[in-house]
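Hi,

Here is the structure I promised to pass on. Have a look at it first, and my notes follow below.

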Amino acid sequence: MPAPTLYYYPISPPARAVLLLIKELGLTVNLKEVNPMAGETRTEEFMRMNPEHTIPTLDDNGFYLGESRAILSYLVDAYRPGHTLYPNIPKEKALINRVLHHDLGSFYPKFNGTVGALFSGAATEMTEEMKANALKALVDLENYLTRNDFFAGENPTIADLSLLPTIASAVHCGLDLSKYPRLNEWYESCRVLKGYEEDQEAARQVGEYFRSKFPAGLEALN
Ligand SMILES: N[C@@H](CCC(=O)N[C@@H](CS)C(=O)NCC(=O)O)C(=O)O
């Protein structure tokens, strides 16, 4: 069967989470770049695959899947079932899913409500409320890591892959992680991931773009 195709954009954090997985597992996946900022996710053709018009989107031989966290778990289950990144052990899987749900339902909206709004130009200043939300999101992550070195245990899982691109981007936008010692250590530990350096390059580009929109950067959070 032909390899699946991933529609992605190189600096998009959710797309980068899937790129990290592909690299880590050595999967053969065709990559097709789609620029959401140029409206390329809103074409009729793209929206037939993913009516929510978001990248990443996976096309596995006509099986279309959006949402990065769903793609992460699908790719492991379909192509490397039982891999330690998403083991077939109910309690381990549950702890990973817990982090993925926290990320999607709490961390990403709180943190991205601030960073994403400044990145897109929807906001031109960081209000006290935006700052408080972003800081609360970071404290929640720090608290998660009082249990383990990685987000769902002592080894990397797809939960870490999901969070890393957002944190790496924030660091390159000026966030100082030294106030969050566990998160800082985790960030360093993520160097073991095969796609880490490539992701850092994308994070650097996010940082440059962010400062072109909001020159003060994320230093206000420090
Ligand atoms: N929850 C989604 C978020 C995906 C998302 O918002 N992607 C952005 C790029 S970072 C996008 O494609 N936006 C284009 C649009 O909404 O039209 C996921 O994790 O996949």
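A word on the annotations before anything else: UniProt positions are given in the numbering used here, feature names are shortened, and annotations may be inferred rather than shown by experiment. This is a predicted model, where local features need pLDDT of at least 70 and side-chain atom pairs count only at pLDDT 80 or more, while totals for chains, interfaces and linings use all residues. Residues are numbered from 1 along each chain as its sequence is written, and side-chain values use heavy atoms, with hydrogens and water left out.

An unreviewed UniProt entry puts "domain: GST N-terminal" at residues 2-83. That stretch is 38% helix and 20% strand, with its end C-alpha atoms 22 Å apart (helices, H or I of at least four residues, and strands, E of at least two, are DSSP runs numbered from the N terminus). The unreviewed entry also gives "domain: GST C-terminal" for residues 89-209. Here the chain is 71% helix and 0% strand, and the end C-alpha atoms lie 41 Å apart.

On to the ligand. It has 13 residues around it, the closest being Arg42, His53, Ile55, Glu67 and Ser68 (near means a heavy atom within 4 Å).

- Glu67: a polar side-chain atom is 2.7 Å from a ligand nitrogen atom.
- Ile55: a backbone N or O atom is 2.8 Å from a ligand oxygen atom.
- Thr41: a polar side-chain atom is 3.2 Å from a ligand oxygen atom.

Taken alone, the ligand exposes 510 Å², and the protein buries 77% of that (accessible areas are Shrake-Rupley values with a 1.4 Å probe).

Last, some backbone geometry. Most residues other than glycine have a negative phi, and most peptide bonds are trans. His53, though, has a positive phi, near 45 degrees, and is found in the loop between helix 2 and strand 3. Ile55 and Pro56 are joined by a cis peptide bond, with omega about 5 degrees. Pro56 is in the loop between helix 2 (44-49) and strand 3 (57-60).

Cheers

How values were computed
A polar contact is a pair of N or O atoms within 3.5 Å; within protein, one must be able to donate a hydrogen and the other to accept it, and residues adjacent in sequence count only if both atoms are side-chain atoms.
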